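Subject: Structure handover and notes

Hello,

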Amino acid sequence: MKFSALTLAVLVAAFSDVASAHYRFAWLTAGGVKGAEYENIRPNTNYNSPVTDTTSTDIRCNVGATGSATTIKTVAAGSTVTFDLDQAVYHQGPILWYLGKVPSGQTAATWDGSGANWIKIKQEGPTFSSGSATWPMYQTYSASIPSSIPSGDYLLRVEQIALHNPGGAPQFYISCGQITVTGGGSASPSYFSIPGHITATDPGITVNIYNAFTSYTFPGPAVFSG
(Lines give C-alpha, C1' and ligand atoms only; values in the text may rest on other atoms or scores of the structure.)
Protein backbone atom coordinates (compact mmCIF):
# COMPACT_ATOMS: atom_id res chain seq x y z
CA MET A 1 0.00 0.00 0.00
CA LYS A 2 1.36 3.41 -1.00
CA PHE A 3 0.68 6.71 0.75
CA SER A 4 0.99 10.21 -0.62
CA ALA A 5 3.51 12.59 0.93
CA LEU A 6 0.65 14.52 2.56
CA THR A 7 -0.88 11.37 4.03
CA LEU A 8 2.46 10.27 5.40
CA ALA A 9 2.98 13.67 7.00
CA VAL A 10 -0.41 13.48 8.68
CA LEU A 11 0.27 9.97 9.96
CA VAL A 12 3.66 10.96 11.33
CA ALA A 13 2.18 14.01 13.08
CA ALA A 14 -0.62 11.94 14.58
CA PHE A 15 1.82 9.32 15.81
CA SER A 16 4.05 12.00 17.30
CA ASP A 17 1.12 13.49 19.20
CA VAL A 18 0.22 10.09 20.65
CA ALA A 19 3.82 9.27 21.48
CA SER A 20 4.38 12.57 23.28
CA ALA A 21 1.07 12.55 25.15
CA HIS A 22 1.01 11.62 28.82
CA TYR A 23 -1.83 10.22 30.84
CA ARG A 24 -3.91 12.31 33.24
CA PHE A 25 -6.36 11.57 36.05
CA ALA A 26 -9.42 13.55 34.99
CA TRP A 27 -12.56 11.72 36.18
CA LEU A 28 -13.71 10.92 39.72
CA THR A 29 -16.38 8.35 40.57
CA ALA A 30 -17.99 8.22 44.02
CA GLY A 31 -21.26 6.71 45.17
CA GLY A 32 -21.48 4.93 41.85
CA VAL A 33 -21.68 8.24 39.97
CA LYS A 34 -18.90 9.24 37.59
CA GLY A 35 -18.37 12.96 37.31
CA ALA A 36 -17.66 14.79 34.09
CA GLU A 37 -14.08 15.55 33.10
CA TYR A 38 -12.53 17.65 35.88
CA GLU A 39 -15.96 18.18 37.44
CA ASN A 40 -14.70 17.17 40.89
CA ILE A 41 -10.98 17.23 40.09
CA ARG A 42 -8.87 20.36 40.05
CA PRO A 43 -7.81 21.25 36.50
CA ASN A 44 -4.23 22.35 36.05
CA THR A 45 -2.16 24.36 33.62
CA ASN A 46 0.26 21.46 33.16
CA TYR A 47 -2.32 19.57 31.08
CA ASN A 48 -0.83 16.07 30.97
CA SER A 49 2.81 16.80 31.71
CA PRO A 50 4.43 15.42 34.87
CA VAL A 51 5.82 17.26 37.88
CA THR A 52 9.50 16.53 38.54
CA ASP A 53 10.47 18.76 41.50
CA THR A 54 9.72 17.06 44.84
CA THR A 55 10.25 20.33 46.73
CA SER A 56 7.78 22.40 44.73
CA THR A 57 4.25 23.12 45.91
CA ASP A 58 3.22 21.84 42.46
CA ILE A 59 3.78 18.35 43.88
CA ARG A 60 0.52 18.75 45.85
CA CYS A 61 -2.08 18.90 43.09
CA ASN A 62 -0.09 19.69 39.92
CA VAL A 63 0.98 22.94 38.27
CA GLY A 64 -1.55 25.74 38.53
CA ALA A 65 -4.23 23.49 40.03
CA THR A 66 -6.97 25.48 41.73
CA GLY A 67 -10.40 24.57 43.02
CA SER A 68 -12.39 27.71 42.38
CA ALA A 69 -14.21 26.28 39.37
CA THR A 70 -14.42 22.70 40.62
CA THR A 71 -17.36 21.23 42.50
CA ILE A 72 -17.06 19.26 45.73
CA LYS A 73 -18.24 15.63 45.71
CA THR A 74 -19.93 14.13 48.78
CA VAL A 75 -18.39 10.78 49.71
CA ALA A 76 -19.41 8.42 52.51
CA ALA A 77 -16.64 7.28 54.85
CA GLY A 78 -15.81 3.64 54.13
CA SER A 79 -16.97 3.85 50.52
CA THR A 80 -14.95 3.32 47.35
CA VAL A 81 -13.79 6.10 45.06
CA THR A 82 -12.30 5.73 41.59
CA PHE A 83 -10.03 7.82 39.41
CA ASP A 84 -10.10 7.31 35.64
CA LEU A 85 -7.41 8.41 33.21
CA ASP A 86 -7.71 9.42 29.58
CA GLN A 87 -5.48 6.47 28.69
CA ALA A 88 -3.83 3.60 30.52
CA VAL A 89 -0.66 4.24 32.49
CA TYR A 90 2.33 3.15 30.40
CA HIS A 91 5.30 4.14 32.59
CA GLN A 92 6.31 1.67 35.30
CA GLY A 93 5.93 2.90 38.87
CA PRO A 94 3.73 2.91 41.97
CA ILE A 95 0.28 4.38 42.54
CA LEU A 96 -0.23 6.27 45.81
CA TRP A 97 -3.36 7.80 47.37
CA TYR A 98 -3.48 10.63 49.90
CA LEU A 99 -6.14 12.56 51.81
CA GLY A 100 -5.62 16.16 52.87
CA LYS A 101 -7.85 17.36 55.72
CA VAL A 102 -9.09 20.86 54.96
CA PRO A 103 -8.42 23.23 57.88
CA SER A 104 -11.26 24.87 59.75
CA GLY A 105 -12.63 27.94 58.01
CA GLN A 106 -11.74 26.69 54.51
CA THR A 107 -13.30 24.33 51.98
CA ALA A 108 -12.01 21.74 49.57
CA ALA A 109 -12.36 24.41 46.88
CA THR A 110 -10.32 27.10 48.66
CA TRP A 111 -7.55 25.23 50.51
CA ASP A 112 -4.14 25.22 48.83
CA GLY A 113 -2.99 21.99 50.50
CA SER A 114 -0.45 23.64 52.81
CA GLY A 115 0.40 22.52 56.31
CA ALA A 116 0.67 19.15 58.07
CA ASN A 117 -2.79 17.92 57.09
CA TRP A 118 -2.10 14.88 54.88
CA ILE A 119 -2.28 11.11 55.30
CA LYS A 120 -1.59 8.27 52.89
CA ILE A 121 -4.52 5.88 52.46
CA LYS A 122 -3.31 3.40 49.83
CA GLN A 123 -0.30 2.36 47.79
CA GLU A 124 0.05 -0.11 44.93
CA GLY A 125 3.37 -1.41 43.71
CA PRO A 126 4.95 -4.26 41.79
CA THR A 127 4.39 -7.98 42.16
CA PHE A 128 7.41 -10.19 41.66
CA SER A 129 7.39 -13.56 39.93
CA SER A 130 10.09 -15.64 38.24
CA GLY A 131 12.60 -12.83 38.48
CA SER A 132 10.40 -10.16 36.90
CA ALA A 133 8.22 -7.35 38.22
CA THR A 134 4.70 -6.48 37.13
CA TRP A 135 3.44 -2.97 37.88
CA PRO A 136 -0.20 -1.84 38.24
CA MET A 137 -0.50 -0.10 34.87
CA TYR A 138 -4.23 0.50 34.38
CA GLN A 139 -6.66 3.15 33.23
CA THR A 140 -8.83 2.96 36.35
CA TYR A 141 -7.75 2.91 40.00
CA SER A 142 -9.90 2.59 43.12
CA ALA A 143 -9.43 3.09 46.86
CA SER A 144 -11.58 3.12 49.98
CA ILE A 145 -12.03 6.18 52.13
CA PRO A 146 -11.09 5.13 55.69
CA SER A 147 -14.25 4.80 57.76
CA SER A 148 -12.55 6.15 60.88
CA ILE A 149 -11.41 9.53 59.59
CA PRO A 150 -13.34 12.60 60.76
CA SER A 151 -16.11 13.95 58.55
CA GLY A 152 -15.42 17.13 56.65
CA ASP A 153 -13.81 18.48 53.51
CA TYR A 154 -10.71 16.83 52.02
CA LEU A 155 -8.48 16.90 49.00
CA LEU A 156 -8.21 13.40 47.56
CA ARG A 157 -4.81 13.14 45.89
CA VAL A 158 -3.77 10.39 43.50
CA GLU A 159 -0.22 10.05 42.21
CA GLN A 160 1.54 7.76 39.79
CA ILE A 161 5.33 7.91 39.85
CA ALA A 162 7.06 7.00 36.60
CA LEU A 163 10.44 5.49 37.49
CA HIS A 164 12.82 6.10 34.60
CA ASN A 165 16.11 5.20 36.25
CA PRO A 166 18.49 4.67 34.65
CA GLY A 167 18.04 7.30 32.00
CA GLY A 168 15.99 10.05 33.56
CA ALA A 169 14.47 11.63 36.63
CA PRO A 170 11.20 10.22 38.02
CA GLN A 171 7.99 11.88 36.92
CA PHE A 172 4.95 12.51 39.11
CA TYR A 173 1.49 12.34 37.53
CA ILE A 174 -0.92 13.96 39.99
CA SER A 175 -4.52 15.03 40.40
CA CYS A 176 -6.57 16.21 43.38
CA GLY A 177 -10.27 15.57 43.79
CA GLN A 178 -12.41 17.77 46.05
CA ILE A 179 -14.62 15.81 48.42
CA THR A 180 -16.74 16.13 51.54
CA VAL A 181 -16.61 13.02 53.72
CA THR A 182 -19.78 12.16 55.63
CA GLY A 183 -20.41 9.59 58.34
CA GLY A 184 -16.80 9.60 59.47
CA GLY A 185 -15.24 8.55 62.76
CA SER A 186 -13.00 10.06 65.40
CA ALA A 187 -9.51 8.93 64.38
CA SER A 188 -6.55 11.23 65.05
CA PRO A 189 -4.04 10.42 62.31
CA SER A 190 -0.41 11.46 62.26
CA TYR A 191 -0.51 14.10 59.57
CA PHE A 192 2.39 15.28 57.38
CA SER A 193 3.01 18.02 54.83
CA ILE A 194 3.24 17.94 51.05
CA PRO A 195 5.88 18.79 49.90
CA GLY A 196 8.07 17.27 52.57
CA HIS A 197 6.64 13.76 52.57
CA ILE A 198 9.33 12.49 50.19
CA THR A 199 12.72 13.61 48.92
CA ALA A 200 14.53 13.22 45.62
CA THR A 201 16.85 10.68 47.26
CA ASP A 202 14.07 8.45 48.61
CA PRO A 203 14.91 4.78 47.80
CA GLY A 204 11.43 4.34 46.32
CA ILE A 205 12.31 6.99 43.73
CA THR A 206 15.99 6.32 43.04
CA VAL A 207 15.65 2.54 42.74
CA ASN A 208 16.89 1.02 39.49
CA ILE A 209 13.96 -1.08 38.30
CA TYR A 210 15.95 -2.53 35.40
CA ASN A 211 18.82 -4.19 37.25
CA ALA A 212 18.57 -6.81 40.01
CA PHE A 213 15.13 -5.50 40.91
CA THR A 214 13.63 -7.97 43.38
CA SER A 215 11.95 -5.79 46.01
CA TYR A 216 10.47 -2.34 46.33
CA THR A 217 10.19 0.16 49.19
CA PHE A 218 7.35 2.65 48.79
CA PRO A 219 8.29 6.33 49.06
CA GLY A 220 6.86 8.49 51.78
CA PRO A 221 5.08 7.77 55.07
CA ALA A 222 3.24 4.57 55.90
CA VAL A 223 -0.37 4.01 54.92
CA PHE A 224 -2.84 5.18 57.57
CA SER A 225 -4.08 2.11 59.43
CA GLY A 226 -6.80 3.63 61.62
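First, a term: a residue is called buried under 20% relative accessible area, exposed over 50%, and partly exposed in between, with a 1.4 Å probe and protein chains only. On that scale Gly226 is exposed, because its relative accessible area is 59%. Gly226 lies in the segment after α3.

Now the ground rules. This is a predicted model, where local features need pLDDT of at least 70 and side-chain atom pairs count only at pLDDT 80 or more, while totals for chains, interfaces and linings use all residues. Numbering starts from 1 along each chain as its sequence is written, and side-chain values use heavy atoms, with hydrogens and water left out.

**Sheet**

Helices (H or I, at least four residues) and strands (E, at least two) are DSSP runs, numbered from the N terminus. Two strands pair if DSSP finds at least two bridges between them. An open sheet of 4 strands runs in the order β2-β1-β4-β9, and its pairing is antiparallel. Its edges are β2 (33-34) and β9 (140-144), each pairing on one side only. Between β4 (residues 80-85) and β9 there are 5 bridges, in the antiparallel sense. Within that pairing, Thr82 has Ser142 of β9 as its bridge partner.

**Aromatics**

Rings of Phe, Tyr and Trp (its six-membered ring) pair if their centres lie within 6.5 Å; planes under 30 degrees apart are stacked, over 60 edge-to-face, and the rest tilted. The structure holds 13 such pairs. Phe25 and Tyr141 make a tilted pair, because their ring centres are 6.3 Å apart and their planes stand at 55°. Phe25 sits in strand β1 (residues 25-30) and Tyr141 in strand β9, so this pair ties together parts that are 116 residues apart in sequence. Phe25 is buried at 1% relative accessibility. Tyr141 is buried too, with a relative accessible area of 1%.

Phe213 and Tyr216 have ring centres 6.4 Å apart and planes at 75°, so this pair is edge-to-face. Both residues are buried.

One aromatic cluster is formed by Phe25, Phe83, Trp97, Tyr138 and Tyr141.

There is also a charge over a ring (NZ of Lys or CZ of Arg within 6 Å of the ring centre and within 35 degrees of the ring normal). Lys101 lies over the face of Tyr154, 5.3 Å from the ring centre.

**Backbone**

- Ile194 and Pro195 are joined by a cis peptide bond, with omega about 0°. Pro195 is in the loop between β11 (171-182) and α3 (203-206).
- Tyr38 is not a glycine, yet its phi is positive, at about 60°. It lies in the loop between β2 and α2 (58-61). Tyr38 is buried, with a relative accessible area of 16%.
- Ala212 also has a positive phi in a residue other than glycine, near 50°. It is found in the segment after α3. Ala212 is exposed, with a relative accessible area of 73%.

**Pocket and cavity**

Both are found on a 1 Å grid over the protein atoms alone: a cavity is a set of points where a 1.4 Å probe fits but cannot get out, and a pocket is an open set with protein on both sides within 12 Å along at least five of seven lines. Lining residues have an atom within 4 Å of a point. Grid points are joined across faces, edges and corners, and a volume is the space filled by probe spheres set on the points. For residue classes, Ala, Val, Leu, Ile, Met, Phe, Trp, Tyr, Cys and Pro are nonpolar, Asp, Glu, Lys and Arg charged, and the others, Gly among them, polar.

The largest pocket has a volume of about 150 Å³. Its lining has 14 residues, with Arg42, Ala65, Thr66, Trp111 and Asp112 nearest the centre. By class, that lining has 4 nonpolar, 6 polar and 4 charged residues.

The structure holds 1 cavity of 30 Å³ or more. The largest cavity holds about 70 Å³ of space. It is lined by 14 residues, and Tyr23, Arg24, Tyr47, Asn62 and Ile174 lie nearest its centre. Strand β11 gives the largest share of this lining, 4 residues. The cavity lining divides into 8 nonpolar, 5 polar and 1 charged.

Best wishes
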